[in-house]
Amino acid sequence: MVMIVAIDGPGAAGKGTVARRLAEHFGYAYLDTGKLYRAVAKRLLAAHADPGDAQAAEDAARTLGPEHLADPDLRREEVARAAAIVAQDKGVRAVLLDFQRRFAAHPPGGAPGAVMDGRDIGTVVCPDAPAKLFVTAAAAERARRRTLELRERGEEAIYARVLEELEVRDRRDSERTTAPLAIAKDAHVLDTTELDADAAFAAALVFVVARRASRLV
Ligand code: C5P
């Protein structure tokens with residue numbers, strides 16, 4: 001049976017880094033599910049469509065291809081902002097849910113497991129995942145990290161603006177009616193406010209190793 005590691009949490013809490021490193025460590029496939037929502041949003045922005053246009057968003061989700069997921073613009077802040085609007089649409093979520101569940105059931109390359117990160121993996125996409133992590137950090141620390149990351153990429157970033165954007169997105173993600181950002185009942189909460197990337201990975205690894213072992217007995 002495929003081993004699924006579900007990782008949820010708000011933006012810039014470090015879940016992507018933890019997820020990628022876990023996947024590499026165990027030889028599992030990795031899916032950054034935020035990319036799916038960002039790719040739908042980016043297609044709408046490129047077509048000058050309104051991210052809140054449900055019909056256009058569902059069409060974009062249904063016809064998403066690998067070329068859309070490889071777009072380097074997906075990391076941009078305006079795409080993230082539009083992604084959180086697109087993600088409120090039930091129809092878009094239903095289309096993307098199918099794709100994510102297929103990925104979890106049949107990880108590419110015949111990998112023995114999948115690590116998936118997002119907002120609703122442990123609650124909706126893979127509610128039976130044997131290992132669920134909720135990676136979080138204080139908003140001020142997340143904004144500090146995101147500001148540095150943007151500046152390293154050569155983008156202009158003002159801390160106060162970044163913090164405000166993160167909080168707007170957190171609110172949108174937590175308050176939407178379909179699959180809101182929430183801690184699954186059986187998730188292990190990993191607060192990375194005081195941890196660097198290595199310490200966060202080490203803590204996640206201890207947890208996943210224990211979950212894998214308990215599955216084998
Ligand atoms: O994680 P990332 O910042 O790339 O996600 C972009 C947006 O996509 C999130 O703010 C959220 O609105 C949406 N998303 C979601 N469910 C997921 C992953 C991302 O709603 N599983």
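Is alanine 12 buried or exposed? Select alanine 12 to start the tour: its relative accessibility is 14%, so it counts as buried, the cut-off being under 20%. Keep in mind throughout that you are looking at a predicted model.

**Stop 1**

Most residues other than glycine have a negative phi. Alanine 12 is not a glycine, yet its phi is positive, at about 65°.

Now select histidine 48, in the loop between H2 and helix H3 (54–62). Histidine 48 also has a positive phi, near 55°, and is a residue other than glycine. What about its surroundings? Histidine 48 has a relative accessibility of 76%, so it counts as exposed.

**Stop 2: the sheet**

Next, show the strands. Five of them form an open sheet in the order S2-S3-S1-S4-S5, and the pairing is parallel. Which strands stand at the edges? They are S2 (29–32) and S5 (188–191); each has a single partner strand, so one side of each is left without a neighbour in the sheet.

Strands of a sheet pair through backbone hydrogen bonds, either parallel or antiparallel. For a parallel example, select S1 (residues 3–8) and S4 (residues 131–136), which are joined by four bridges. Pick alanine 6 and look across to S4, where its bridge partner is lysine 132.

Helix H1 lies across S1, S2, S3 (113–118) and S4, and runs at about 175° to S3.

**Stop 3: two helices that cross**

Two packed helices are described by the angle between their axes and the distance between the axes.

Show the side chains where the two helices meet. On the H2 side you will find Tyr37, Arg38, Val40, Ala41, Lys42, Leu44 and Leu45. On the H5 side they meet Glu78, Val79, Ala80, Ala82, Ala83 and Val86. How many residues of each class are in this contact? There are ten nonpolar, three charged and no polar residues.

**Stop 4: salt bridges**

The whole structure holds 18 salt bridges. Begin with the side chains of arginine 81 and glutamate 165, which form one of them, with N and O 3.0 Å apart. Arginine 81 belongs to helix H5 (residues 77–86) and glutamate 165 to helix H9 (residues 159–175), so this pair ties together parts that are 84 residues apart in sequence. The two partners fall into separate accessibility classes: arginine 81 is partly exposed at 36%, while glutamate 165 is buried at 19%.

For another pair, go to helix H8 (residues 139–152). There, arginine 145 and glutamate 141 are four residues apart, which separates them by about one helical turn. Their salt bridge has its closest N and O atoms 2.9 Å apart. Are these two residues buried or exposed? Arginine 145 and glutamate 141 are both buried.

Now select Glu77, Arg146, Glu149, Arg153 and Glu155 together. Salt bridges that share partners join these residues into one network.

**Last stop: arginine 101**

Finish at arginine 101, found in helix H6 (residues 90–105). Arginine 101 has a relative accessibility of 40%, so it counts as partly exposed. Which residues does arginine 101 touch, leaving out those up to four places away in sequence? The answer is Val124 and Val125. If you select arginine 101 and valine 124, you have two residues that are 23 residues apart along the chain, with their C-alpha atoms separated by 9.9 Å.

Note on methods. Residues numbered from 1 in each chain as written. Predicted model: local features only at pLDDT ≥ 70, side-chain atom pairs only at ≥ 80, totals over all residues. Heavy atoms only, no water. Salt bridge = Lys/Arg side-chain N within 4 Å of Asp/Glu carboxyl O. Buried < 20%, exposed > 50% of the residue type's maximum accessible area, 1.4 Å probe, protein only. Contact = heavy atoms within 4.5 Å. Nonpolar A, V, L, I, M, F, W, Y, C, P; charged D, E, K, R; others polar. Pairing = 2+ DSSP bridges. Axes fitted to C-alpha atoms, helices over the stretch in contact; angles between N-to-C directions.
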